[in-house]
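Grab a pencil and have a look at the model below. We'll work through a few exercises together, one step at a time.

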Amino acid sequence: MKFNKLFAGVTLALGTSMISFTAAAGDTIKVGVLHSLSGTMAISETTLKDTVLMMIDEQNKAGGLLGKKLEAVVVDPASNWPLFAEKTRELLTKDDVDVIFGCWTSVSRKSALPVLEELNGLMFYPVQYEGEESSKNVFYTGAAPNQQAIPAVDYLMNDLGVERWVLAGTDYVYPRTTNKILEAYLKAKGVKPADIMVNYTPFGHSDWQSIVSDIKKFGSKGKKTAVVSTINGDANVPFYKELGNQGISSEDIPVVAFSVGEEELSGIDTKPLVGHLAAWNYFESVDTAENEKFIDTWHTFIKNDKRVTNDPMEATYIGFKMWTQAVSQAGTTDVDKVEQAMIGQKVKNLTGGTAVMNKNHHLSKPVLIGEIQDDGQFEVVWETDGVVPGDAWSDYLPGSKDLISDWTAPIKCGNYNVKTKSCGGAMAAQ
Amino acid sequence: MKQILCISLWLMGCLMPAVSYSETLTDALESPAATTRTVPELVQELTEKSLTQAVPVLEALEQQGGEEMLPLFRTMLNGDLYYVKDTSQVVGKTDTAGEESYADILTKAAVTGLGSRDVKKIRVNNTLRSYLRNAIARIQLSSANPHSREQAVLSLLSELDNDTVGQIREARANESVEEVQQAMDLALAMYALDQGSSDIEKLDAVEGLAGSLQPEARNMLRKYAEMEPDHADYSARVSAAAAKALERIQEKVEFYGFIDQLFFGLSLGSVLLLAAIGLAITFGVMGVINMAHGEMIMLGAYTTYVIQQLMPNHIDLSIWIAIPAAFVVSGLVGVAIERGVIRHLHGRPLETLLATFGISLFLQQLVRTVISPQNVPVSTPDWMAGTLQINPVWSLTLNRLYILAFALLVFFALLIILKKTNLGLNVRAVSQNRAMARAMGVRSDRVDAMTFGLGSGIAGIAGVALSQLTNVGPNLGQSYIIDSFMVVVFGGVGNLWGTLVAAFSLGIANKFLEPVTGAVLASILVLVFIILFIQKRPKGLFPQKGRAAE
Amino acid sequence: MSTSGMLQSVFKDRGQPGGRVMPFVIILLVVTVLASALNLLTPEGSALHVSTYTITLLGKYLCYAMLALAVDVVWGYCGILSLGHGAFFALGGYAMGMYLMRQIGDRGVYGNPLLPDFMVFLDWQELPWFWLGMDQFWVAMIMVLLVPGVLAYVFGFLAFRSRVTGVYLSIMTQALTYALMLAFFRNEMGFGGNNGLTDFKDILGFDLQSDTTRIVLFLLTAGFLCAALLTSHWIMNSRMGKVILAVRDSEARTRFIGYKTETYKVWLFVYSAVIAAIAGALYVPQVGIINPGEFSPINSIEVVIWVAVGGRGTLIGAVVGALLVNYAKTRFTAILPEGWLFMLGALFVLVTLYLPKGLIGLYSQLKQQLGAGKPAAAGTGKSSSAAKTEGAGA
Amino acid sequence: MNMITERADQAREFFRPDQVWPFLVPPQQQSVDVSKQVLLYIEGVNLSFDGFKALNNLNLYINDGELRCLIGANGAGKTTLMDVVTGKTRPDTGSVYFGSNINLLEHSEDEIAQLGIGRKFQKPTVFEAQTVFDNLELALKSNKGVIATLLSRLSPTELLRIDEVLQIIGLQDQRFMLAGALSHGQKQWLEIGMLLMADPRLLLVDEPVAGMTPQETERTAELLTSLAGERTVIVVEHDMEFVRSIARTVTVLHQGSVLAEGSMDQVQNNKDVIEVYLGEEA
């Protein structure tokens, strides 16, 4: 009899779930939020979901958009890549959202991309990534490699006099591409191949003894050595701990990371990391009026003073602001019109200066390099003079050096080959 | 250029305070950076200058204050230098037993009534840190402590210039401690090789460097050994001698590299051993497949975190409290799982596997909900940080060393429990013949619960150790579960010694493969090897024999 | 055996686990055809319209159902608890994915006619040998069957010959899929690393994004699932099926009456792997991506719980379990993302503790209890005591 | 040059059209050679588990058509001996031949079963999730390859044979009942029935009457005696009354080797046997 009850309970739960799901909205503009709320990526992505919700909240307080209220439609792709495609389709067909803010990992974006293009959706992608992509339906508000990796290397080379390079990364596409670009860049700058060490480790790698020992040996050849780290998420803590334990200090061999931000630091004992570097477009510690306001709003919204802000949050912020501006300007949420209106939109960066959306759907942003402090914040030690325009296609990869992206007439192409003067790939077929 | 000259002159001033103090002072007076500011004024300046402007101030301080500046530099290097927001008084923070106290950095007078909100940190960056470190080394060449002197010389090896060498030469004459003498001789030999005027002098220097394992000495030798014949300093004899010396050193380095790798392997092995040993009991002795074993480890690690949160001022002690606490927490959860679920699935190992997998999902989500989906920070106590430097090319990281020792300790403690105590006797009796043990009056259900609790508790202890090496997060357990099973199966189920041998051999195999194949391929190869091995010997390295094992 | 004979056996209710499958197969086919027709023939917005979203969702569920069936065939009927069937599913998927990748041709972003995009930006100069020929549909389809089949054969041959059984075997299968996952994560392997294979354009010249292609794929999946159900039913009702059940209940005894049990296990394992691979191959064009995450051991274990929920050792149970649990997952993750893992975890525990025969078992138990009230059914009473027999012992 | 022609010859030999490759030749069912009247040779067999000598230089010959009883205390090695003969356990040393021509140590359990050696376990093991009929069908002497069983259907003669055996073991009324639902005694009978289905040359029967009523025991005794002659039967039994009722020759095992052999009376009066048994009792 116990089973009967259980069974009845399950049926009931399924039934109610279906009812609650069909709660329809009136005259609102729907904003889809496609960030994992469970699974491995939930750690990072939940924050971005909250950021979008905060921005929607703010916008509604300020009177909404085009006289309508904004309504968030939150789905959970659960860190499961095929689910990103499925949920994108759900958002675009079932929920009829006008725009999607979402994705963190490259693979999730790649999974959602065909659906976005098929159903002509619009997505804002707020995370630094490897580049080599430009879709009509996506705006990339995070950094491309030339907005993070290359300035960082410039800084190490020119300001710290680094001559030997360790490119250490997790074995996936972002580090692979970034390191390919950096290798080409370093060689173009006259660095000998013997002075570059490349190393890849699996996700969540935790036993760094041998690799750190190799780095130590590599760095003891008398030339100033630095590590350019594209090590992802979880693997960072054991890596830095091992560096500290093997007595490698940030003065001996500084590590510059592209995936370590305030959020990541808040979950770890920062002692072994102090003095190491990170390159981002945003640091919470930057002292501007906009940033202060943003942090305040965030703390009020999330009801927790200890929550930090980070670069992808700023990217979400910029993306959202630009979208509202573009919608107001276009007077509609129609994807094609908003897409055209987006180009050239300007939003004030939280770190000063102005971000501009370029023809290639990437932003022009300043690049900052910060040193990790023991309170989990960054001290800015260097920044670019002006803004750096994001490159969809790297100039340092043989496959893409002739490609550009320009979504304005007359080119209107994500991968236009300047040599052959033609739009390649899928576009050509249409 | 002039700046550099000034720095080197100040440097001389610091090194020979008695001889040429007045001389350098006059020189310094001429340089633009050093006006006649007093030390207190300069210290005050530190609170105002930005990071990039701080170096000249420090230079001035080093030059004027000499040895007296050591506490200031040290405090600054450690990031403990603050200034009072209201008065701009520069103070050093000391942290004794969690009590923060501040004292004026120059007068050492205690400044009371300050909270962390009243002071602002004087920030340092890498440039400043490396400047400070070298400055401390320069000042310490004349330290009273021979160890400091030796360290000072060694840290100057990478930037030997005329003046530094002059000072070292001077100090060498008065040096009586052998270790310091050797370090100084090394520095002088390096300088002689690089700057020496004749081949004979250089050959002598090569001789002096031949036995050294210092990387700087090796680099110097390599520079000459690999020098192109068209180089101005080239000499065939020196080059050949350097090459020969380098070869000898390289042999030693390779030897220590091998030892190093062995240690890495042992260390990885100790982690595997810790992770697997609890499983060796629940799986090996009781025959229960506990897929939630990893979560027992995770609970242990979280216990460490909670204890550290409860006693933030006694991090050094926290580990000692965390070990028994983790044992109790994981052990109790283990007992609860045994009583609640596993007991009902007795003799159905595959069902047990599924049910415990469900429990593992449940526990992970529980931690996510109750504590946080994020990783949590667990601090390393100071006594566990750092390295045991045996020679310049071979050092052992202390935390790994402790964990290795700890793993062995746990292993032998467990062995004794199983072999010598009443519980152990009962456990073995029940595992060999349940019905018979019951007939003899052993309360088998209680023994089951105790055994499972013991295995889980040990997993908890492993969690404490792992919290010192890796991330503490909800997924901690998952990353060890497959490895743990591999170790137990490879070693032979029901055999603790087998688990020990398996853990260490897999650890060592992994570490020796890693340089050749890379980390990923190494773990794949080890996995494939075990899969094939189990086909060959289904009962592992040390199988239980006889009809009882059927 | 002739087709008519096969059909006869399908309809024949012999009280075997699995029972009748034909009614279920017919229902399944009717529902899928109906859904397809409603998708294609009714206008969007009509009350009867079945959205393409629903179709792809259902298509995915059907692939999972097939995977569950594959696991059930070895676990429910032969007691081999494989925690690595996701590996065969993923390998089948990768073979299909490679074909779809090659179909992109020069329509990739770099416009390289030969190399897939991920190879271009990793600066690879030529196609690795194992990608050769994958532009031919038939080669790819052979690979879908061959690669997982051969892997299953080699693994099964080694494991069963040396009599690795029970939990050992489960752990080894888990290690197998884990090792494959690590391997496929490596970019050097030439399968796209973490990103896997994606951005497919068309299959055999048909646009993958058109509704018609989706419907055809959906119907194909349903067709293959039904075929797998019928074939499995046929096998399980032949004498071979009896041998397989005998192996599950007492492998030693089966050997002593002269059956080479390892051969039976190996071939059943291969059969099951091939079903899983076909499911994977059908899954990929429908969801549009295949990546190493599919190899993760946790996925494979989840499949086992679908089977357990539905009722292992019954063919329909596996299918029903997979459909139900996945539907619940879609629903519950939408409402309570944090709650789903609690539910899944509780499901594992509750099903193993209280529902060893799954929902199908519960259903027949209920039916029997109701039937027991009627005097006519008294004769079957005795067989209920056999329900206590636990199938999958070590 | 020479080498090449040699290789070519080898290749030619390998691809000879008039021959099948050796690994493709189906294994020939060897027929048992009993020209010397002996069906089972067990010579010098030793086996130890972790230092415990389960079998100690054991020598035993069983004649064709004989009914032999093995008795001995627990741990004397009776069951282990059966394990060795049926291929479950490999001895450390020694040889076991079936007839004078088949080395049983080279065969696996299933092959040994196919050679015609059937075994009944101490604890009745039948396939509980299947019907009595299916249990018997599985045991049927037939081609036991994968494809064969997949495609096989019962022939009328086979059906008749099953009915016949059902008759013998008295389970006609239970033919479609699950074997798990049978009583202990019925399971014993079913297992014997399965032995009969396989039509074996040699039957190894381990404690067949444990848990049987006196009437059933009597019937079992009858059955076993009737089988002897046509087949060879080895019975392991503790029930001395039962042994006395069926045995012609009795072998006493002690600590892994043969202590005495002969008729029941001879054995009972054997000095060694008395000593061992009395010694144990004392």
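Here come the exercises, each with a worked solution.

This is a predicted model, where local features need pLDDT of at least 70, side-chain atom pairs count only at pLDDT 80 or more, and totals for chains, interfaces and linings use all residues. Residues are numbered from 1 along each chain as its sequence is written, chains are lettered from A and ligands numbered from 1 in the order in which they are written, and side-chain values use heavy atoms, with hydrogens and water left out.

**Exercise 1.** Work out how many residues chain C and chain A put into their contact, and what area they bury.

*Step 1.* Look for contact (heavy atoms within 4.5 Å): you get 46 residues from chain C and 48 residues from chain A.

*Step 2.* Now take the buried area (accessible area, 1.4 Å probe, that two parts lose on being put together, summed over both). That's about 4,200 Å², with 63% of it on carbon and sulfur atoms.

*Step 3.* On the chain C side, Y53(C), F121(C) and N195(C) lose the most area to chain A, together 16% of what that side buries.

**Exercise 2.** Find the salt bridges across this interface.

*Step 1.* Apply the rule: a side-chain nitrogen of Lys or Arg within 4 Å of a carboxyl oxygen of Asp or Glu.

*Step 2.* Count them up, and you have 3 salt bridges between chain C and chain A.

*Step 3.* Zoom in on one of them: K60(C) pairs with E86(A), at 2.4 Å from N to O.
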